[in-house]
Amino acid sequence: LFYESQELKGDITLSSCGVADGSHLQILFDMRGILLTASSDGSALLWETTSGEYITCVGEHEAEMWSATFSADGSKVLSASGDGTAKLWCVNSGDCLRTFEGHA
């Protein structure tokens with residue numbers, strides 16, 4: 001498991017890598033071994049689990065991203081944020097397919 005370029009192994013923790021106390025991180029895996037992270041900077045990122053390599057940013061919100069999840073077939077990501085929106089993203093293109101307003 002990696003945080004930015006730091007591999008989290010042994011005694012290394014998220015805190016020792018500079019993640020602030022109270023930060024919200026969410027991690028999900030899909031069937032292909034792709035890792036989805038949602039974090040307080042508003043981004044949803046994809047990672048290759050075998051190598052730990054960053055793949056792409058699926059989408060970004062204007063505020064902290066509270067959660068993100070894959071669709072059943074892995075082709076889309078749904079994210080929810082403190083900006084009051086939920087967004088549906090295409091994994092392959094990174095395009096926002098739909099924005100749902102008024103979610104708090």
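Which residue is the bridge partner of Leu88 in S10? I looked it up, and the partner is Arg98.

**Ground rules.** I'm working on a predicted model, where local features need pLDDT of at least 70, side-chain atom pairs count only at pLDDT 80 or more, and totals for chains, interfaces and linings use all residues. Residues are numbered from 1 along each chain as its sequence is written, and side-chain values use heavy atoms, with hydrogens and water left out.

**Overall count.** I get ten strands and zero helices for the protein chain. Read from the N terminus, the order is β-β-β-β-β-β-β-β-β-β. For my own reference, both kinds of element are DSSP runs numbered from the N terminus: helices are H or I with at least four residues, strands are E with at least two.

**Whole-chain numbers.** The protein chain has 104 residues, and 33% of them count as buried (under 20% relative accessible area; exposed is over 50%, partly exposed is in between, with a 1.4 Å probe and protein chains only).

Next I looked at an open sheet of four strands, ordered S7-S8-S9-S10 and paired antiparallel. Its edges are S7 (65–70) and S10 (96–101), each pairing on one side only. From one strand to the next, the twist averages 15° (axes are lines fitted to C-alpha atoms, and angles run from 0 to 180 degrees between N-to-C directions). I count two strands as paired if DSSP finds at least two bridges between them. A reminder to myself: strands of a sheet pair through backbone hydrogen bonds, either parallel or antiparallel.

**S8 with S9.** S8 covers residues 76–81 and S9 covers residues 85–90, and I find five bridges in their antiparallel pairing. Ala80 has Ala86 of S9 as its bridge partner, and Leu78 sits opposite Leu88. Three residues lie between the strands of this hairpin, and Gly84 takes a positive phi near 85°.

**S9 with S10.** This pair is antiparallel too, over five bridges. Their hairpin has five residues between the strands, and Gly94 in the turn shows a positive phi of about 80°.

**Last check.** Is S9 mostly covered or mostly open? Mostly covered: five of the six residues in S9 are buried.
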